[in-house]
Structures are given as C-alpha cells and as structure tokens.
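Subject: Structure handover

Hello,

Here is the structure I promised to pass on. My notes on the pocket, the salt bridge and the sheet follow below it.

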Amino acid sequence: MTLHDHFQALVTVEDELDTISQRLLTASVKLRRPPNMCVYFDSSPPGITAAHNCTFKAVAVQGMYRPRQLKAADITCSSLTELTVINMRRLFANMGSEWMDLQKASSHEDDNSSNRRRRITNAML
C-alpha cells in the first residue's frame, strides 16, 4: 500500500516548487478544484498565511505555536481528532454570501465606470 492509494493527488519534492503558495496552487490544479474550495492543514503561521493568500481555507493544528499565534486560521484545534464533519462544513457555510459580496462590488464598480471595459476580477466566478 502506497500514499497514492490514499490520496487523489500528491505534491512532492519532485515537483521542484519553492514556496508554500506554489505547492498549494499546484495541489489545487492536480485536484482540479478551485483554490477557494480547498482546505490546508498546517501548524505554523507562515503556512496559514500562505493558504489565505491562495484563497484556501486554513485549519491550524497546534504544535509548537500557541493558539494566539495561529489566530489567522479559520479553525484551530489541538489535534485532528477534534475536527468533525460539522466543523469542516462550517468552513464553507458563507461561500454563497461571499460570492454575492463580489457581485455587489462588481456591479458598484460598473456603475461608477460605465465607459470602461468590464474586467473579471476573480477567475473563480
């Protein structure tokens, strides 16, 4: 039994990626999922920041950092056994309203600049 038997996609050292953000976005492409529909698990503040910069949801697992140092995460837990399906579903509970906020911002911009060409500001829409 190998790791490939348990995961749909793997991002490994053979991919020759330098940053956490590159690894996250590569994983998103390999999974064929938009980044805003992915969850990243980490125990460090730089990893949580990278996840949010890539529009991933972030779950912080306490390790050598204290909970206050991981407060940027969407969920913080002391171990993965604390996570439930309900907690994970809550990560995406506001997805509809976030999308509507983007639509409102887009229509407001169009009202202010009717002569400009319309741009798509979020490729995930």
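For residue classes, Ala, Val, Leu, Ile, Met, Phe, Trp, Tyr, Cys and Pro count as nonpolar, Asp, Glu, Lys and Arg as charged, and the others, Gly among them, as polar. This is a predicted model, in which local features need pLDDT of at least 70 and side-chain atom pairs count only at pLDDT 80 or more, while totals for chains, interfaces and linings use all residues. Residues are numbered from 1 along each chain as its sequence is written, and side-chain values use heavy atoms, with hydrogens and water left out.

Pocket

By class, the lining of the largest pocket has 13 nonpolar, 3 polar and 2 charged residues. A pocket here is an open set of points on a 1 Å grid over the protein atoms alone, where a 1.4 Å probe fits, with protein on both sides within 12 Å along at least five of seven lines; lining residues have an atom within 4 Å of a point. The space in the largest pocket comes to about 590 Å³, a volume being the space filled by probe spheres set on the points. Its lining numbers 18 residues, and Phe7, Ala9, Ala27, Leu31 and Val39 lie nearest the centre. Two or more lining residues come from each of helix 1 (20–31) and strand 1 (39–42). Helix 1 gives the most, with 6 residues. Helices (H or I, at least four residues) and strands (E, at least two) are DSSP runs, numbered from the N terminus.

Alanine 9 sits in the segment before helix 1. Its C-alpha atom is 7.0 Å from that of alanine 27, 18 residues apart along the chain. Alanine 9 is partly exposed at 27% relative accessible area (buried is under 20%, exposed over 50%, partly exposed in between; 1.4 Å probe, protein chains only).

Salt bridge

The whole structure holds 1 salt bridge (a side-chain nitrogen of Lys or Arg within 4 Å of a carboxyl oxygen of Asp or Glu). Aspartate 15 and lysine 30 form it, at 3.1 Å, N to O. The pair links distant parts of the chain, 15 residues apart: aspartate 15 lies in the segment before helix 1, lysine 30 in helix 1. Aspartate 15 is partly exposed at 27% relative accessibility. Lysine 30 is also partly exposed, at 36%.

The open sheet has 3 strands in the order 1-2-3, with parallel pairing (two strands pair if DSSP finds at least two bridges between them). Strand 1 and strand 3 (75–77) are the edges. Strand 1 and strand 2 (residues 57–61) are joined by 4 bridges. Valine 39 has lysine 57 as its bridge partner in strand 2.

Best wishes
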